[in-house]
Amino acid sequence: MEPTTLLAFTAALTVAAFVPGPGMTAVVARALAVGFWGTLPLVLGMIAGDVIFLTCAALGLAALATAFATLFTVVKFAGAAYLLWLAWHLWTAPARTDTVDAAGRPVRSSTRVFLGGLTLTLGNPKTIVFYMALLPTVVDLSGLTVVGWGELVAIVFVDLLLVGAIYAGAASRARDFFRDAAARRLLDRTAGAMMAGAAVAVATR
């Protein structure tokens, strides 16, 4: 694929990723609650959702996506429900003074968090519009090859991982300032409120 096309796609994707939305709000909220590494599965799940939409666009399935609008609506509300569940757990979490990953949660929770990020992206209208409407104006999808698709997937992975890491890293640094139990409870409730706000944003768009 032409370097200029790849640069144009990267620029458009970066701008779209950095614009605050439900996804990055959820990333910040989770990073405030559990730190950087506990947020990584959420970011990876969101990236997987982007790759799915990119693949649908590359295969010319925009019309199919429209036909299955009801399915996307179900996914959207599932993602919103998951965020509300996380918000509830953060809001009701007992006061703690540890600075270790929030939940000391078992490994299996990473899978749930990953799936939560996936459903969040699949139900996010902003992502749908980007890949189904804006992407064709940047990339000539009619002439897209397997190699070209692979290049775009690599850009999506690296770009969104970096943007997610920036958001999560900043929130995680802020989290380190809250060490006593009262401050940590306030932080958890702030993160819970942000997560609930992201859920409402997803459900009402």
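Predicted model: local features only at pLDDT ≥ 70, side-chain atom pairs only at ≥ 80, totals over all residues.
You can find Val158 in helix α8.

Val158 also belongs to a nonpolar patch on the surface, together with Leu44, Phe157 and Leu162. The accessible area of these residues together is about 340 Å². Helix α8 (residues 146-175) supplies the largest share of the patch, three residues.

## Two aromatic pairs

Let's turn to the rings. The count of aromatic pairs comes to two. In one of them, the ring centres of Phe18 and Tyr167 are 6.2 Å apart and the planes stand at 40 degrees, so this pair is tilted. Phe18 sits in helix α1 (residues 3-18) and Tyr167 in helix α8, so the pair ties together parts that are 149 residues apart in sequence. Phe18 is partly exposed, at 35% relative accessible area.

Phe36 and Trp37 make a pair as well: their ring centres are 5.0 Å apart with planes at 90 degrees, so the pair is edge-to-face. Phe36 counts as partly exposed at 25% relative accessibility, whereas Trp37 is exposed at 66%.

Helix α7 covers residues 125-138, which is 14 residues. At 1.5 Å a residue it should span 20 Å, and its end C-alpha atoms are 19 Å apart, so the two values agree.

Look for a kink of about 35 degrees in α7, centred on Tyr131. Tyr131 is buried, and so are Thr127, Phe130, Met132 and Leu135 in this helix.

How values were computed
Residues numbered from 1 in each chain as written. Heavy atoms only, no water. Helix = DSSP H or I, 4+ residues; strand = E, 2+ residues; numbered from the N terminus. Expected span 1.5 Å × (residues − 1). Bend = angle between axes of the 7 residues up to and from the residue. Buried < 20%, exposed > 50% of the residue type's maximum accessible area, 1.4 Å probe, protein only. Patch = residues over 30% accessible without salt bridge, like charges linked within 9 Å, V, L, I, M, F, W, Y side chains within 5 Å. Areas by Shrake-Rupley, 256 points an atom, 1.4 Å probe, with all protein chains shown as cover. Salt bridge = Lys/Arg side-chain N within 4 Å of Asp/Glu carboxyl O. Phe/Tyr/Trp six-rings, centres within 6.5 Å; stacked < 30°, edge-to-face > 60°.
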